[in-house]
Amino acid sequence: MKVEKSFELSGHQNPIFALEFSQKPGILFSAGNDKGLVEWSLEKQTFIKVMFPVVASVYAIHCPTGFPLMFAGLRNGQVLVFDFIEQKITGILKQHTKPVFDIKSVKGKQELLVASEDGTVSIWNLNTFELIHTIQISTDTVRSISISPDETQVAFGCRDSSIKIYSLHDYGFISTLSDHTMAVFTVQHSPDGQHLLSGARDAQIKIWNASDLTLQQSIAAHLFAVNHIVFHPTEPYFASASMDKSIKIWGADDFKLYKIISREKGYASHQLSVNKLAWNGNQLISTGDDKRIIAWDIAF
């Protein structure tokens, strides 16, 4: 496996916490502890514009497939609704009073899921923005949401070190997965639906069988917290980002480590915690506390 740094995007003045691709190819959005949400061109490798100002840090951005919308989850609990057709914020989802950490959508049901520090997940109608339901997942923060590829189940990574599994049919509780010893920061289903991966503050990545929810393997993956895990959309690999300033690429079928991207390994990589990753084809985009967005060309 060969890794080369392709380009870097700079302009943020503070740590970046969220990355999301637009529904329009070649466009990336980023936000964090800054005063605005930013739009970038990956093709031209340049800053386009500040989409809109924000009054609080942004921890989550989501652009649902099939809708001309972008949702931004703020530290104050609000979710801003930006309409790409009208090119402005057309609504604010107000249910949470504590930070929103993740936002995902269920395409088949046309519903939006919002996870918060208050321990609940709110469920919204994507067409009307009406609040449908609120689930008390935990007594502590819900940090991450992963929806299974077949949209039958949803996993929630929680600060209380657990992973909660719910049915997407009726949002009924299915199971609690408990093996992490510290807060779970990221959960991610594999594209083939066979595995659920979790990463936590305990620096571990755990591989769960998605069908019977048994623990298959534990990996001492990083030196510090695993902030994010993301699967390549078509190749059998996934990448992990850590507070230890490194990015690692693993096999999604054998769970072996194939590459470490870090300054210690000679790459002009991040100097502080790596917070988020995103695959743009065979290009891996990374960002973190050092205010930089870096694109890596990966040759498998």
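Contact here means heavy atoms within 4.5 Å.

## About the model

Welcome! This is a predicted model, in which local features need pLDDT of at least 70 and side-chain atom pairs count only at pLDDT 80 or more, while totals for chains, interfaces and linings use all residues. Residues are numbered from 1 along each chain as its sequence is written, and side-chain values use heavy atoms, leaving out hydrogens and water.

## The overall fold

The protein has 28 strands and zero helices; these are DSSP runs numbered from the N terminus, with helices being H or I of at least four residues and strands E of at least two. Among contacts with a separation of 6 or more, 40% are between residues 24 or more positions apart.

The C-alpha atoms fill a box of roughly 50 × 45 × 30 Å along the principal axes. Of the 300 residues, 58% count as buried, a term for under 20% relative accessible area with a 1.4 Å probe, counting protein chains only.

## A look at Ser-122

Let's visit one residue. Ser-122 belongs to strand 12, which covers residues 120-125. Ser-122 is buried, its relative accessible area being 0%.

Which residues does Ser-122 touch, leaving aside those up to four places away in sequence? They are Gln-95, His-96, Leu-112, Leu-113, Val-114, Leu-131, His-133 and Thr-134. With His-96, the side chain of Ser-122 also makes a polar contact of 2.7 Å. A polar contact is a pair of N or O atoms within 3.5 Å; within protein, one must be able to donate a hydrogen and the other to accept it, and residues adjacent in sequence count only if both atoms are side-chain atoms.

Technical notes: Buried means under 20% relative accessible area, exposed over 50%, partly exposed in between (1.4 Å probe, protein chains only).
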